[in-house]
Amino acid sequence: MALGEFDLIKRYFTRPARRAVLGVGDDCALLQPSAGQLLAISSDMLVEGRHFLSTVLPERLGHKALAVNLSDLAACGAQPMAFTLALSMPQVDESFLSGLAQGLFALADAHGIELVGGDTTAGPLNLCITVFGEVPPGQALRRDGARAGDALWVSHPLGGGVGDARLALEAFRGTLTLSGDDFETARRAMEQPQPRVALGLALRGLATAAIDLSDGLAGDLGHVLQRSQLGATVHVDALPISPVLARQPLALQRAFALSGGDDYELLFTAPHDAATRVLAAAAAAGVGVRCIGRMEAEPGLRLLDAQGQPVPLALRSFDHFKP
């Protein structure tokens, strides 16, 4: 017998409530933030063909759907609490649902976060997750707090860098060829990003502004510049590049690292004399960080190479409504 909507919710997405006062199974979930905390809330939607390929393993899709939302909490310096899932799919596929739930809950358990509600319906494959976190008043990381003279930092995997997700996408598109091992490494970066929640928490009271890298470093930095009413200089050749991306031509390395998108690392600013504290925060979080430039009073984004010469790159961030 085919599963109906409520049967599949019960089988694949219902677990006992832990932190929530009331979880899945009622018209609303009930959450109780810790005393004196503010709620941090964010939603992200993943649409097949726009945000992920039909070839992705369901376990990885479940992971990524939650990871991109946890990345928003990380950029705010918020501690994850709970999430909801709205799922649209053409038909009930139990093998797909089993894998999706496995990847989703593995990451949820790693961050102590629970599914407390949502919705399912028939339609094109589409996942929309809303996450809830908490942060003390006055300690949330925001985009508008950067100051002229601040150092500009970006996080990265230990031994890795930014731009690998775009490298995988171009390999799928057939615009370049990767060896088997390089392809799998880049594909994992695209399909299983790791949200930097621990780093976001460690940067409370230290970072002056932060944003997660979803649409490309240059474009996401532009949001910080706009909100903070500043400009910046970025030393392009200081960007962290993985060994996989380093095997590509220099122009491609720069373009993918600056505007590739789908990295889900943290781009943040901190006082210029706080480098020791920033490095200690990153070490405690188990990730790498790299200082890549500085914030300046003069408006605009300036890209310089290792010799201090301007880098002429035409950069465009990802836009959901542009091809």
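This is a predicted model: local features need pLDDT of at least 70, side-chain atom pairs count only at pLDDT 80 or more; totals for chains, interfaces and linings use all residues.
**View 1**
Ser-228 sits in helix 7, which covers residues 217–228. With a relative accessibility of 11%, Ser-228 counts as buried, because the cut-off for that class is under 20%. Leaving aside residues up to four places away in sequence, Ser-228 touches Arg-143, Asp-144, Gly-145 and Ala-146.

**View 1. Gln-37 beside Val-135.**
Take a look at the loop between helix 1 (5–12) and strand 1 (38–47), where Gln-37 is found. In sequence, Gln-37 and Val-135 are 98 residues apart, yet their C-alpha atoms are 5.5 Å apart in space. The side chain of Gln-37 reaches the backbone nitrogen of Val-135 at 3.5 Å. Not counting residues up to four places away in sequence, the residues that Gln-37 touches are Glu-134, Val-135 and Pro-136. Gln-37 is partly exposed, as its relative accessible area is 26%.

**View 2. Thr-130 in strand 4.**
Strand 4 spans residues 126–135 and holds Thr-130. This threonine counts as buried, at 16% relative accessibility. A polar contact of 2.5 Å links the side chains of Thr-130 and Ser-43. Beyond residues up to four places away in sequence, Thr-130 touches Ile-41, Ser-42, Ser-43, Asn-69, Ala-82, Phe-83 and Thr-84.

**View 3. Helix 4 against helix 9.**
Two packed helices are described by the angle between their axes and the distance between the axes. For helix 4 (residues 164–173) and helix 9 (residues 250–259), the axes come within 8 Å and cross at roughly 115°. Helix 4 is therefore roughly perpendicular to helix 9. Arg-166, Leu-167 and Glu-170 come from helix 4, and they meet Leu-252, Phe-256 and Ser-259 of helix 9. By class, the residues of this contact are 3 nonpolar, 1 polar and 2 charged.

**View 4. Helix 2 against helix 5.**
Now for another helix pair. Helix 2 packs on helix 5 (residues 180–191) at an angle of about 50°, with the axes 9 Å apart. That angle makes helix 2 oblique to helix 5. On the helix 2 side, the contact is made by Arg-60, His-63 and Lys-64, and on the helix 5 side by Arg-187, Arg-188, Met-190 and Glu-191. The contact of helix 2 with helix 5 has 5 charged residues, along with 1 nonpolar and 1 polar residue.

**View 5. The nonpolar cores.**
In soluble globular proteins, nonpolar side chains tend to be buried together. The largest nonpolar core in this model has 54 residues, and the members that touch the most other members are Phe-13, Leu-66 and Phe-268. Helix 2 (residues 58–76) gives the most to this core, with 9 residues. A second, separate core has 23 residues, among them Ala-232, Val-236, Ile-292 and Leu-303.

Notes
Residues are numbered from 1 along each chain as its sequence is written. Side-chain values use heavy atoms; hydrogens and water are left out. Helices (H or I, at least four residues) and strands (E, at least two) are DSSP runs, numbered from the N terminus. Buried means under 20% relative accessible area, exposed over 50%, partly exposed in between (1.4 Å probe, protein chains only). Contact means heavy atoms within 4.5 Å. A polar contact is a pair of N or O atoms within 3.5 Å; within protein, one must be able to donate a hydrogen and the other to accept it, and residues adjacent in sequence count only if both atoms are side-chain atoms. Axes are lines fitted to C-alpha atoms, for helices over the stretch in contact, and angles run from 0 to 180 degrees between N-to-C directions. Angles under 35 degrees count as roughly parallel, over 145 as roughly antiparallel, 65 to 115 as roughly perpendicular and the rest as oblique. Ala, Val, Leu, Ile, Met, Phe, Trp, Tyr, Cys and Pro count as nonpolar, Asp, Glu, Lys and Arg as charged, and the others, Gly among them, as polar. A nonpolar core is a set of buried Ala, Val, Leu, Ile, Met, Phe, Trp, Tyr and Cys residues joined through side-chain atoms within 4.5 Å.
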